[in-house]
Amino acid sequence: MATHRTKMLIIGSGPAGYSAAIYGARAMLEPIVVQGLQPGGQLTITTDVENYPGFADVIQGPWLMEQMQAQAEHVGTRMMWDTIVEVDLENGSPFRAVGDSGDEYIGDTLVIATGAQAKWLGVEGEQELGGKGVSACATCDGFFYRGKKVAVIGGGNTAVEEALYLTNHSDDVTLIHRRDELRAEKILQDRLFKSPKISTLWNKTVVRFEGGENGTLGHLVLKDTQTGEESTLEADGAFVAIGHAPATELFKGKLPMDAGGYLLTEPGSPKTEIPGVFAAGDVTDHTYRQAVTAAGMGCMAALDAERFLAAAEDAGEEAEAAE
């Protein structure tokens, strides 16, 4: 068992965590990144990425995360292959965290970048056809279904927003919902029902996703929730839009969260209610959930961490001078 000390401890290793590490290392904060169960975050299970600035051609999500990690290490970040299982925020800075390995991590500042995970249906073919027609992010992957037939599964704000977004690329969008009315906000429902490009299938659940001849999605097998009758829906792409779950279990009762479990921060800032603790990326963002916005928030967290430490150092010097 070892103890690792740093001026900036980062929990999580997606775009937010890596960006915070890059800025923190350049500020000589000697950051430590505890990578967690999924180093690189959600982008490691995303194949084609076409909306991250700076790349004219399509890039691969895992490759982008490898490059971010390498850049963070190059400027002085220490990467730890561990998963945090306990944190102590009660006593303020320095903050203490314990890894699954038993190692202890102590940071003068803490950046929480544990991200969020899309909720999945858990049905047959879903994971097998992931990236081959089945997705959980229309903003990420909708572009690849231009002029094709697509389906969206869900009935809340996320599903309706995804369906509306997909009309930018497809004239044939089907929304599948297990009930006979949507849970989305009224204004979103109005937009959905006014769109000539969107049709709705009520009282239907997805039983399984089945591939076509080329190994990509061919059709969805549906079940009527009232009659039990099964049917099929041909589709080139299917988007599961039943929400996201932020990885905040570790911080319950320790930091304020909204009803969805997302960490609350000061408006326009990564600052939490505990000085020196910052939240960045999907762990606090249920609106945008993009790699570029997560990276930007990671940058903000590192800059604020640097300012926090500078202010603490100034206060210490003033106290010494007054004695």
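Student: How many bridges pair β10 and β17, and in which sense, parallel or antiparallel?

Tutor: β10 and β17 pair over two bridges, in the parallel sense. Strands count as paired if DSSP finds at least two bridges between them, so these two qualify. Before we go on, this is a predicted model, where local features need pLDDT of at least 70 and side-chain atom pairs count only at pLDDT 80 or more, while totals for chains, interfaces and linings use all residues. Residues are numbered from 1 along each chain as its sequence is written, and side-chain values use heavy atoms, with hydrogens and water left out.

Student: Which residue of β17 is the bridge partner of Val134?

Tutor: That's Ala238. The strand names come from DSSP runs: E, at least two residues, for strands, and H or I, at least four residues, for helices, numbered from the N terminus.

Student: What makes β10 and β13 edge strands?

Tutor: The open sheet has five strands in the order β10-β17-β11-β12-β13, with parallel pairing. β10 (134-135) and β13 (198-201) each have a single partner strand, so one side of each is left without a neighbour in the sheet.

Student: How do you know that Cys137 and Cys140 are joined by a disulfide?

Tutor: Their sulfurs are 2.2 Å apart, and the rule asks for a pair of cysteine sulfur atoms within 2.5 Å, so the pair passes. The count by this rule is one disulfide. The link of Cys137 and Cys140 is right-handed, with 70° about the S-S bond.

Student: Why is Cys137 called buried, but Cys140 partly exposed?

Tutor: Buried means under 20% relative accessible area, exposed means over 50%, and partly exposed is in between (1.4 Å probe, protein chains only). Cys137 has 16%, so it counts as buried. Cys140 has 24%, so it falls in the partly exposed band. Cys299, at 17%, is buried.

Student: What about Tyr145 and Phe239?

Tutor: They are edge-to-face too, at 5.7 Å centre to centre and 85° between the planes. Tyr145 lies in the loop between α3 (138-141) and β11 (149-153) and Phe239 in strand β17, so their pair ties together parts 94 residues apart in sequence. Both Tyr145 and Phe239 are buried.

Student: What makes Arg146 a charge over the ring of Phe143?

Tutor: The rule wants NZ of Lys or CZ of Arg within 6 Å of the ring centre and within 35 degrees of the ring normal. Arg146 lies over the face of Phe143, 3.9 Å from the ring centre.

Student: What makes a nonpolar core, and which residues touch the most other members in the largest one?

Tutor: A core is a set of buried Ala, Val, Leu, Ile, Met, Phe, Trp, Tyr and Cys residues joined through side-chain atoms within 4.5 Å. The largest has 29 residues, and Met8, Ile10, Tyr52, Leu64, Met65, Met68 and Val111 touch the most other members. Its largest share, seven residues, comes from α6.

Notes. Rings of Phe, Tyr and Trp (its six-membered ring) pair if their centres lie within 6.5 Å; planes under 30 degrees apart count as stacked, over 60 as edge-to-face and the rest as tilted.
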